[in-house]
Amino acid sequence: MPSWNSRGLRGSALEELINLTNEKYRDQKLALIQKVPTPITPIDMDKSSGHITLAYFDKKSTVDYIGVVQGVAVCFDAKECAVETFSLQNIHEHQVLFMRDFEAQEGVAFMLIYFKKLNKYYYLRDTELEKFWQRAQNGGRKSFRVDELDEDFFFSQSNGYFIPYLEMINKDIMSREENSEE
């Protein structure tokens, strides 16, 4: 079983920005998105502070966030990448399967990836994730490069939001509607 403290606090700054964005979306009645807690079993605690110092994951978690945007069910996971190549090892098979099932129920599933080197966020649609995932499963590259991604789904902080991903969800839904009309 993996140790809870073995990965440190990677991604915590990204998650904090997403949490602040989610609060603002909720306050403005635009969306209700919640962080999905990771189920853990505490093993060791600091008696003086009551803080957990060692724990194990109970079971595989699904995605980081789940909720609803203007009547549309959404789920997503947040990842950080220090370089311009994203390793698919950062995504677990059970997450891909959950997102695939979520999409099959007419929800919108995606990954938010922060490329630190570029200081840009990317909205990785489930269809793109599936393409890269299948390529890896079939013996191809086990990563994808920034230059393989759709330029239209890169975004930066704007409009007073730390991570304005609702604009990307809208773009995703509009592109789905356009593709279904063809």
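Strand S7 and strand S8 (residues 120-125) are joined by six bridges and run antiparallel. Strands and helices here are DSSP runs numbered from the N terminus, with E for strands of at least two residues and H or I for helices of at least four. Two strands count as paired if DSSP finds at least two bridges between them. The model is predicted, so local features need pLDDT of at least 70 and side-chain atom pairs count only at pLDDT 80 or more, whereas totals for chains, interfaces and linings use all residues. Residues are numbered from 1 along each chain as its sequence is written, and side-chain values use heavy atoms, with hydrogens and water left out.

Tyr114 of S7 is the bridge partner of Glu80.

S7 is largely enclosed by the rest of the structure, because eight of its eight residues are buried. Buried means under 20% relative accessible area, exposed means over 50%, and partly exposed lies in between (1.4 Å probe, protein chains only). Val108, Phe110, Leu112 and Tyr114 point one way from the strand. Ala109, Met111, Ile113 and Phe115 point the other way.

The largest nonpolar core holds 47 residues. Such a core is a set of buried Ala, Val, Leu, Ile, Met, Phe, Trp, Tyr and Cys residues joined through side-chain atoms within 4.5 Å. Phe110, Leu112, Phe115, Tyr123, Leu124, Phe144 and Tyr165 touch the most other members. Strand S7 (residues 108-115) gives the most to this core, with eight residues. Phe115 has contacts, meaning heavy atoms within 4.5 Å, with Cys81, Val83, Phe86, Lys120, Tyr122, Phe144, Val146, Leu149 and Phe154. That list leaves out residues up to four places away in sequence.

Cys81, touched by Phe115, is buried at 6% relative accessibility. Cys75 is buried too, with a relative accessible area of 0%. The count of disulfides (a pair of cysteine sulfur atoms within 2.5 Å) comes to zero.

Charged pairs were examined next. Side chains of opposite charge can pair when their charged atoms come close. The whole structure has 13 salt bridges. A salt bridge is a side-chain nitrogen of Lys or Arg within 4 Å of a carboxyl oxygen of Asp or Glu.

One of them joins the side chains of Lys35 and Asp64, at 3.9 Å from N to O. This pair links distant parts of the chain, with Lys35 in strand S1 (residues 31-35) and Asp64 in the loop between S3 and S4, 29 residues apart. The C-alpha atoms of Lys35 and Asp64 are separated by 5.7 Å. Lys35 is partly exposed, with a relative accessible area of 32%. Asp64 is buried at 14%.

Asp64 touches Glu15, Gln34, Lys35, Val36, Phe76, Asp77 and Ala78, leaving aside residues up to four places away in sequence. The side chain of Asp64 also reaches the backbone nitrogen of Ala78 at 2.9 Å.

Two other salt bridges connect helices. In one, Arg100 pairs with Glu130, and the closest N and O atoms are 2.8 Å apart. Arg100 lies in helix H2 (residues 93-104) and Glu130 in helix H3 (residues 126-137), so the pair ties together parts that are 30 residues apart in sequence. Arg100 is partly exposed at 31% relative accessibility. Glu130 is buried, with a relative accessible area of 15%.

In the other, Arg176 pairs with Glu103, and the closest N and O atoms are 2.8 Å apart. Arg176 belongs to helix H4 (residues 165-181) and Glu103 to helix H2, so this bridge ties together parts that are 73 residues apart in sequence. Arg176 is partly exposed at 28% relative accessibility, whereas Glu103 is buried at 18%. Salt bridges that share partners also join Arg135, Arg145, Asp147 and Glu148 into one network.

Terms used
A polar contact is a pair of N or O atoms within 3.5 Å; within protein, one must be able to donate a hydrogen and the other to accept it, and residues adjacent in sequence count only if both atoms are side-chain atoms.
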